[in-house]
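Subject: Structure handover

Hi,

Here is the structure we talked about. Please load it first, then read the notes below.

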Amino acid sequence: RHAQAALEAPMLVVDVLPGTHCILLETHEHGVDTGAVVQNLEVHINLGAGATLQHLRVATPAPDDRVVHRVHTRLDRGARYDQALIACGSGYHLQRTELDLHGAQACARSGAALFAAGSAMEQQVEVLHVGAHTTSVVESLALVSGKARGVVNAYSRIAAGADEASVRQRLSGIPTEGQPRLVLRPHLEINHDKVEAVHGATWGALPEEALFYARQRGLDESSARALIIEGLLTAVLERSLDDPQVMQTLGLSTLLASAVARYLAANKELSNG
């Protein structure tokens, strides 16, 4: 979808009937003649009992755009929702996902590849475990550079009575150039005893050994960095979708490579400027 106006508030509603399996590719790009865009998108997804949705989302706004995307997903008994997100920073960019695991044995996974080169990128993932034996996995990897501001917030709440609920949060960040600000906030609220919950946040540099090995194979530094970044981010998105055939059909590797190339080009401009 291309932005249609300088100020817009589009909405998408998806109802997946019980037992149905769906695959959704959702892409958002800056329009050619719109100038700077202010966009407030609402996505509402309802999954019936036993339904599944594999959802690949790509949001690549222009540097001056101000974007807010909110995705609210409600899962009935035994439903499954897998989301993979590729998002690039802009003047203001917020991606918020709300997962309501209402029915017993519902399962949701969220994986994100986030980029901010001298720009702003924030992700919020809120998961509510209501039903028993529900499972959620939230994993994000943010790359930031220059004077960028990258923020990732993960909040999971296990309600009373959500017996044997399982929660996992893993937030990671890699500053690649300059002095960016990177904030990672995993958070758990547990109101029941018989649960499994794990969370963590780490940040650091690209692995030097991998860079050295790639250079020894004849790659220049720029190509080596791109290869390693793509590998790290692909692993995150693979764990969220967990379906190689679907990822190939949706062209995930091409979409991710384009986002990485855009990020590294912006890095180069920042270092030269």
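Glu-42, Arg-70, Arg-96, Glu-98 and Glu-126 are joined in a network of salt bridges. A salt bridge here is a side-chain nitrogen of Lys or Arg within 4 Å of a carboxyl oxygen of Asp or Glu. Side chains of opposite charge can pair when their charged atoms come close. The structure has 16 salt bridges.

Before you go further, note the ground rules. This is a predicted model: local features need pLDDT of at least 70, side-chain atom pairs count only at pLDDT 80 or more, and totals for chains, interfaces and linings use all residues. Residues are numbered from 1 along each chain as its sequence is written, and side-chain values use heavy atoms, with hydrogens and water left out.

Arg-109

Which residue does Arg-109 pair with at 3.1 Å? The partner is Asp-82, with that distance taken between the closest N and O atoms. The pair links distant parts of the chain: Arg-109 sits in strand 9 (residues 107–117) and Asp-82 in strand 7 (residues 80–88), 27 residues apart. Helices (H or I, at least four residues) and strands (E, at least two) are DSSP runs, numbered from the N terminus.

Arg-109 is buried, at 12% relative accessible area. Asp-82 is buried as well, at 3%. Buried means under 20% relative accessible area, exposed over 50%, and partly exposed in between (1.4 Å probe, protein chains only).

Arg-109 also meets Asp-242 in a salt bridge, 3.8 Å from N to O. This pair too links distant parts of the chain: Asp-242 is in the loop between helix 2 and helix 3 (244–250), Arg-109 is in strand 9, and 133 residues separate them. Asp-242 is exposed, with a relative accessible area of 53%.

Helix 2

Asp-242 follows helix 2 and has a positive phi, near 55°. Helix 2 covers residues 221–241, 21 residues in total. From first C-alpha to last, helix 2 reaches 30 Å, close to the 30 Å expected at 1.5 Å a residue. The expected span is 1.5 Å times one less than the number of residues. Among the buried residues of helix 2 are Ile-228, Ile-229, Leu-233, Val-236 and Leu-237. Arg-225 is also one of them.

Arg-170 and Glu-139

Arg-170 forms a salt bridge with Glu-139, the closest N and O atoms being 3.7 Å apart. Arg-170 lies in strand 13 (residues 165–178) and Glu-139 in strand 11 (residues 135–146), 31 residues apart and in distant parts of the chain. Is each side buried or partly exposed? Arg-170 is partly exposed at 48% relative accessibility, whereas Glu-139 is buried at 9%.

Best wishes
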